[in-house]
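Dear colleague,

Please find below the structure that I am handing over to you.

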Amino acid sequence: MDYWLDRAAEVSPVVKDALARRFPTGGRLTVREVRARFLARQNGKCAICGADGPTHLDHDHQTGEYRGVLCLGCNVGLGHFRDDPKRLGEAIRYLDRVLL
Ligand SMILES: [Zn+2]
């Protein structure tokens, strides 16, 4: 697991390009380092719900670009909604209709 975190950013050209856009030293960063930088920006909290100590490095499945660090629930939630803001909006409107 730790080995994968240190190597993953080095083996994917798509990830390298995405990192270079996001961070000045992007191509030289490991996944672990990218996650640490996002966590510092996010004050150690999930970028969506604010839970402490998130561990999942969220990325755009089309571009490979990293977007932030999320807790398991938020990361899986985005995946189930296919990263689609329209679908997420519909879910919010649905809950507004059915919840008291
Ligand atoms: Zn969360």
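Predicted model: local features only at pLDDT ≥ 70, side-chain atom pairs only at ≥ 80, totals over all residues.

The notes that follow go from the overall layout to individual residues.

The mean pLDDT is 82, and 72% of the residues reach 70 or more. Among the elements, helix α5 (residues 85–98) has the highest mean pLDDT, at 96, while helix α1 (residues 2–11) has the lowest, at 48. Over residues 1–6 the pLDDT falls below 50, and this stretch has five contacts in the model beyond near neighbours in sequence.

As to the overall layout, the chain contains five helices and two strands. Their order along the sequence is α-α-α-β-β-α-α. Of the 100 residues, 18% count as buried. Among contacts between residues at least 6 apart in sequence, 35% join residues at least 24 apart.

Helix α3 spans residues 31–41, and its buried residues are Val31, Val34, Arg35 and Phe38. These residues lie on the same side of α3, because they cover an arc of only 100° around the axis. As a general point, an α-helix has 3.6 residues a turn, so residues three or four places apart point the same way.

The largest nonpolar core has 10 residues in all: Leu29, Val31, Val34, Phe38, Cys46, Tyr66, Val69, Leu70, Cys71 and Cys74. Both α3 and β2 supply at least two residues each to this core. In soluble globular proteins, nonpolar side chains tend to be buried together. Phe38, one of the core residues, is in contact with Gly68 and Val69 once neighbours within four places in sequence are left aside.

The two strands come next. Strand β1 covers residues 56–59 and strand β2 residues 66–70; they pair in the antiparallel sense over four bridges. Together they form a hairpin with six residues between the strands, and Gly64 in the turn has a positive phi of about 85°.

Which residue of β2 stands opposite aspartate 58? It is glycine 68. Aspartate 58 itself is found in strand β1, and it counts as buried because 22 other C-beta atoms lie within 10 Å. Apart from neighbours within four places in sequence, aspartate 58 is in contact with Tyr66, Arg67, Gly68, Val69, Leu70, Asn75 and Leu78. Its C-alpha atom is separated by 9.8 Å from that of glycine 79, which is 21 residues away along the chain.

Proline 54 also deserves a note. This residue is in the loop between α3 and β1. Is proline 54 buried or exposed? With 26 C-beta neighbours inside 10 Å, proline 54 counts as buried. Not counting residues up to four places away in sequence, proline 54 touches Lys45, Cys46, Val69, Leu70 and Cys71. The C-alpha atoms of proline 54 and cysteine 71 are 4.3 Å apart in space, although the two residues are 17 apart in sequence.

Finally, there are two backbone angles to point out. Most residues other than glycine have a negative phi. Asparagine 43, however, has a positive phi of about 55° although it is not a glycine. Why does asparagine 43 count as exposed? The reason is that it has 8 C-beta neighbours inside 10 Å, and a residue with 12 or fewer is classed as exposed.

Aspartate 83 is likewise a residue other than glycine with a positive phi, near 55°. It is placed in the loop between α4 (72–80) and α5. With 14 other C-beta atoms within 10 Å, aspartate 83 is partly exposed.

In reading the model, please keep in mind that residues 1–6 have a pLDDT below 50.

Yours sincerely,

A colleague

Technical notes:
Residues numbered from 1 in each chain as written. Buried ≥ 20, exposed ≤ 12 C-beta atoms within 10 Å, placed from the backbone. Arc of directions from axis to C-beta. Pairing = 2+ DSSP bridges. Contact = placed C-beta atoms within 7 Å. pLDDT = per-residue confidence, 0-100. Core = buried A, V, L, I, M, F, W, Y, C linked by C-beta atoms within 7 Å.
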